[in-house]
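Here's a quick briefing to read alongside the coordinates.

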Amino acid sequence: MEHIRTTKVEQVKLLDRFSTNNKSLTGTLYLTATHLLFIDSHQKETWILHHHIASVEKLALTTSGCPLVIQCKNFRIVHFIVPRERDCHDIYNSLLQLSKQAKYEDLYAFSYNPKQNDSERLQGWQLIDLAEEYKRMGVPNSNWQLSDANREYKICETYPRELYVPRIASKPIIVGSSKFRSKGRFPVLSYYHQDKEAAICRCSQPLSGFSARCLEDEHLLQAISKANPVNRYMYVMDTRPKHRMQSWWDTQKDIGRIIVRISSKIWSDERITESDEKKRLNAMANRAAGKGYENEDNYSNIRFQFVGIENIHVMRSSLQKLLEVNGTKGLSVNDFYSGLESSGWLRHIKAVMDAAIFLAKAIMVENASVLVHCSDGWDRTSQVCSLGSLLLDSYYRTVKGFMVLIEKDWIAFGHKFSERCGHLDGDPKEVSPVFTQFLECVWHLTEQFPQAFEFNEAFLLQIHEHIHSCQFGNFLGNCQKEREELKLKEKTYSLWPFLLDDLKKYLNPIYNSQSQRFTVLEPSTVSFNFKFWRNMYHQFDRTLHPRQSVFNIIMNMNEQNKQLEKDIKELESKIKQCKNKQTDDILTKELLHSIHPESPTLKSSLCFKEQTLLPVNDALRTIEGSNPTDNRYSDYAEEFSKAEPAVVSLEYGVARMTC
Amino acid sequence: MEFSELIRTGRAQAELLRGPEAPPLRGTLCVTSHHLLLSPGTEASPDLWLLLLRSVDSIEKRVAGDSGTITLRCKDLRVLQLDIEGVEATLDIARSIEALSSLESVITSFPFFYRPKGLRLGDAWHFHPPERYYQRVARETNAWRLSEVNEDFSLCPSYPRALIVPHSVDDQALARSAGFRQGGRFPVLSYHHARNGTALLRSSQPLTGPQKRRCAEDEELLRAVLVGARPGARGFIIDTRSAQAAKQARMTGGGTEAKAAYPGWKRLHRPLERGRPLQESFVRLVEACGDLEQSMDRWLSRLEGCRWLAHVKEALSTACLAAQGMEREGACILVHGAEGTDSTLLVTSLAQLILDPLSRTMDGFQELVEREWIQAGHPFQLRCAHSAFSHARPKHEAPTFLLFLDCVWQLGRQFPLSLEFGEGLLLALFEHAYASPFGSFLCNSEKERGLCEVRTRTHSLWSGLNQPKEQRKLRNPLYALNPLAIWPSVEPQSLRLWQGLFLRWTRPPEPSETAWEKVWQIVTDSEKTEGSA
């Protein structure tokens, strides 16, 4: 509380972000320990969590007051005008302090108290059990086993304690390989496809500047390939763009040499026909290693694949550009699309999707195991592994399965949530929308396959809300070790049980649950299937949204159907009972009383109420009819009210002169 | 009959490829006077594949060895490929299709021969006469009357026989006003907004010319509109051309209303694209949508470059402006561009859809299309002679009606419960406007339709669409009457490419179709359970 000097400011104006004639609402601004709250004259409340604030900006003083622009990580942008500069300055300073905490212990999660006792809290944390999940996948089995090498985080600090590796990979091999890989992130199992007996594995890049071979790493790769009884060929997917890699390879010749050697040594006993991959690898090896190392007949069982996903810095600035474009007032259609293009955002989304599809195809079509890595193996690798699994296994398309997927491939494997989301005051260059991109890819899949997912868009948006909110413990910290040290399971709550409590809001009413476990999704990545995700990036700009929600009405109808069906059954059983008694007059009486009162208002109330599409505090975005003044064409209305000019117009004068 | 001269080869063996999704069909290909038929081998599937020749937009032939390939690009944006045995047969069939698909005579077109089972000639033709709309207006106010001054189409060849005009203006004054407007299209009532008594009118440009001519009767007509609405009412003239274009039109005899001559009326210019540029925009969009290999950047820049969505935005915001003028400002609105048969109708029909809940019902929308497009004299035959694939230089083609349908689709996306019809109806209207077995979209005006006896010798599209078996495709299962005006967002972020139309044949439709089926099922279940409970 020591940062708060002013707790309440009256007569503050909230400007409409998209209006060109500076429409505004007047109200009171409150500053609490956790939230900024604005209550306008219609008593509508706007809550902004301090942790959601990405930036606060004080603009030049105007005649009506001091403008304060707050940008949030959930893409809300608010523009206040505070009448007195002093107040504005106080709030500005307080927000700067409150939005950037230095210590984990000062985050909201450590003070958030939903009034649960310790056992309920523990139960919440136990909802997702990764050991259970590996069992579901079908490991351990004759080829894969649980390794205790990292039990004490001795080999890799950023991996979880429990890791699954090929059964034939001994501990010395694992330890040796981990020394060869960046941050000790050696190849481990991410997903096991029971049907195909193929695996998705993940790791980080081989260490640069390491000139010798690493026999243990070679052995581990060999073990992964042998753990697939059907196909010994294996893909190594480098998720980084080739052009970046090539220039990097030129300076890091050793790596190339090693890769070539690994492949040539391990699989020298088998041959395959020439393929494009091989040619590419040859060219690369040539480039990387100079002459003399490539042996055309060898290194054929490892297939090297680049899938150009850009790095976190490119992604960060791409999102920045996107937000700049769509935040423009009076944006024209052409500026919107040229901005969308130059931001490159959809191109990056497509790259992630393409990579995941490549991965899924390698397993489905070629039955091959795949090892995925990027640089450190916690950003792009997480994206590709999790999306790939989602395409392959319909379990991950359920509510519970999606939670498991996030816990496994993102939280447990050390995606640095705290750094990427900027939970603490840290290096802004570490912030990047990697997880947001993953959610967007999933959204694109829900658009292409409207019946394949048990959850709806609101679920994705709510998860996005909470990776930044710091209200729950799940996303705090950068790896499991750090989380244990923070004692998150004792001091904070898990998000998942709270989402399940509100499950109804997140269900997809047209979900088709009958599909088999291994129905693979084959999305089309033709460019025109990628669309701007308005409901994410304009979540809080309610004038831009459809005014009526189909989801809500179908959801309600579905529920109503179930209720009515139940009623019918009850009535039928009653009829039976009555018939048994053979008392007809009682029957009719009973029926008259028990008929579910069919409310004529039901249908209309469903749509004329202000419907909330999303479970956010102020999301009254589905107002039927809405208001023309909400929309930009209403700004033309100025012309309606302009004073009529004098009747004698210049036109007459001109006309006379011409004739 | 004369068609036989154009058919060079009756039949040939061929294989038909209908895009990546559908399996190829093999069988005997047959050209008849109006159709291309493919009858598969008897046992495989007994179904006959049928294509209306009129719907072929462009044809491309290639021969290699002793077989040939014909690529047919259809007006509904479908692309078909026919692999035909025999070079001679290929060339003959190609020539026959070319000749038969470009026949210009109306009375030999297929609608004059189409006699489907279950429909009677003459049904539904008197479904939406102007009289019917007048009856509705007359219930709401007595400021308007139905005039039959255009009985013999002598005042205005592109207007229908009967028109709704201010009560106090007599037929003689109308005739004078008609003389002052291009093509005789004097201001007539398009929509009466019962909530506050304001009126939406449409006309063509006044023939002020370089001499700045005036017409007392025309001025009187517009004055009468304001008086009829409310004493002291204001009016706005929405000119769908830029101020400069309107001024330039004076050189060729046209022009725009002078402020001094029309007290109470104020002019607003909202330039809308029309004619050639609009057609080119359509062609470029369809081109971009046909390229499956392009990169993301290329796609986005082509989407931007074709400007189609910009036209959607402009059309919608102009319609919103007109609607807002009536609903919020209590003003009367007159819309016109030059001829008053294209963007004018776009604006007036969209404004009605925004304001009038009745026009959002199945019947109401059909009536709106009939009244505001077909009878109001949108020259369908000229505008829809070719679609996006034709190599012919466009003369009068312009996808104004398609732009209207796209705007309606955008409205439907933003208000998914407020329109009684679904995307299916819009797609059907698009198809039928360009090539149809029904007579509704034939000719350019009521006068021409009378001369060709369209009403007595062809079937109406509405009777075809309103058959019970069609309903599931056309209706919106979630519709619930919404008595309010629906104000769409026109921000670029809120407008979307109409994939169901532009990517209809390039994207696999199943997932969204099964989803739609599921919605239908839920709704039907809901009705059933409600019924039995």
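This is a predicted model: local features need pLDDT of at least 70, side-chain atom pairs count only at pLDDT 80 or more; totals for chains, interfaces and linings use all residues.

Chain B and chain A bury about 7,000 Å² between them. Each chain is also split into two domains, with chain B divided into 4-103 and 138-497, and chain A into 8-100 and 125-247 + 287-544. Over all chains there are 56 salt bridges and 50 aromatic pairs.

**Where chain B meets chain A**

- On the chain B side 77 residues take part in the contact, and on the chain A side 69 residues do.
- Carbon and sulfur atoms give 62% of the area buried between chain B and chain A.
- How many salt bridges run between chain B and chain A? The count is two.
- A salt bridge joins the side chains of B:Asp297 and A:Arg347, with 2.8 Å from N to O.
- Seven residue pairs, both partners at pLDDT 80 or more, are in polar contact across the interface of chain B and chain A.
- On the side of chain B that touches chain A, the elements giving two or more residues are strand E13 (265-269), helix H8 (296-306), helix H9 (308-327), helix H13 (400-414) and helix H20 (510-532) of chain B.
- Which of these gives the largest share? That's H20(B), with 13 residues.
- Sorted by class, the side of chain B that touches chain A comes out at 37 nonpolar, 19 polar and 21 charged residues.

**Domains of chain B**

- The C-alpha centres of domain 1 of chain B and domain 2 of chain B sit 37 Å apart.
- Domain 1 of chain B puts 12 residues into the contact, and domain 2 of chain B puts in 15 residues.
- Together domain 1 of chain B and domain 2 of chain B bury about 1,100 Å², with 66% of that from carbon and sulfur atoms.
- Within domain 1 of chain B, the residues that lose the most area to domain 2 of chain B are B:Asp57, B:Lys75 and B:Leu77, together 50% of what that side buries.
- Between domain 1 of chain B and domain 2 of chain B the count is zero salt bridges, but seven residue pairs (both at pLDDT 80 or more) are in polar contact.
- Strand E5 (56-64) and strand E6 (67-74) of chain B each bring at least two residues to the side of domain 1 of chain B that touches domain 2 of chain B.
- That side of domain 1 of chain B has four nonpolar, two polar and six charged residues.

**Domains of chain A**

- Taken over C-alpha atoms, the centres of domain 1 of chain A and domain 2 of chain A are 36 Å apart.
- Here 14 residues of domain 1 of chain A contact 24 residues of domain 2 of chain A.
- The area buried between domain 1 of chain A and domain 2 of chain A is about 1,700 Å², and carbon and sulfur atoms give 56% of it.
- A:Arg17, A:Phe18 and A:Phe75 account for 40% of the area that domain 1 of chain A buries against domain 2 of chain A, more than any other three residues.
- The interface of domain 1 of chain A and domain 2 of chain A has zero salt bridges and four residue pairs in polar contact, both at pLDDT 80 or more.
- By class, the side of domain 1 of chain A that touches domain 2 of chain A has three nonpolar, six polar and five charged residues.

**Pairs linking distant parts of chain A**

- Why is the pair of A:Tyr191 and A:Tyr396 called edge-to-face? The ring centres of A:Tyr191 and A:Tyr396 are 5.8 Å apart and the planes are at 65°, so the pair is edge-to-face.
- A:Tyr191 is in strand E10 (residues 188-193) of chain A and A:Tyr396 is in the loop between helix H12 (380-392) and helix H13 (399-412) of chain A, 205 residues apart.
- A:Lys481 and A:Glu157 form a salt bridge through their side chains, at 3.2 Å from N to O.
- That pair is 324 residues apart, with A:Lys481 in helix H17 (residues 480-485) of chain A and A:Glu157 in the loop between strand E8 (144-147) and strand E9 (163-166) of chain A.

**Backbone details in chain A**

- A:Val139 and A:Pro140 are joined by a cis peptide bond, with omega about 0°.
- A:Pro140 is in the loop between helix H3 (130-137) and E8 of chain A.
- A:Lys487 isn't glycine, yet has a positive phi near 55°, and lies in the loop between H17 and helix H18 (488-491) of chain A.

Note on methods: Residues are numbered from 1 along each chain as its sequence is written. Chains are lettered from A and ligands numbered from 1 in the order in which they are written. Side-chain values use heavy atoms; hydrogens and water are left out. Contact means heavy atoms within 4.5 Å. Buried area is the accessible area (1.4 Å probe) that two parts lose on being put together, summed over both. A salt bridge is a side-chain nitrogen of Lys or Arg within 4 Å of a carboxyl oxygen of Asp or Glu. A polar contact is a pair of N or O atoms within 3.5 Å; within protein, one must be able to donate a hydrogen and the other to accept it, and residues adjacent in sequence count only if both atoms are side-chain atoms. Helices (H or I, at least four residues) and strands (E, at least two) are DSSP runs, numbered from the N terminus. Ala, Val, Leu, Ile, Met, Phe, Trp, Tyr, Cys and Pro count as nonpolar, Asp, Glu, Lys and Arg as charged, and the others, Gly among them, as polar. Domain bounds come from an automatic or database domain assignment. Rings of Phe, Tyr and Trp (its six-membered ring) pair if their centres lie within 6.5 Å; planes under 30 degrees apart count as stacked, over 60 as edge-to-face and the rest as tilted.
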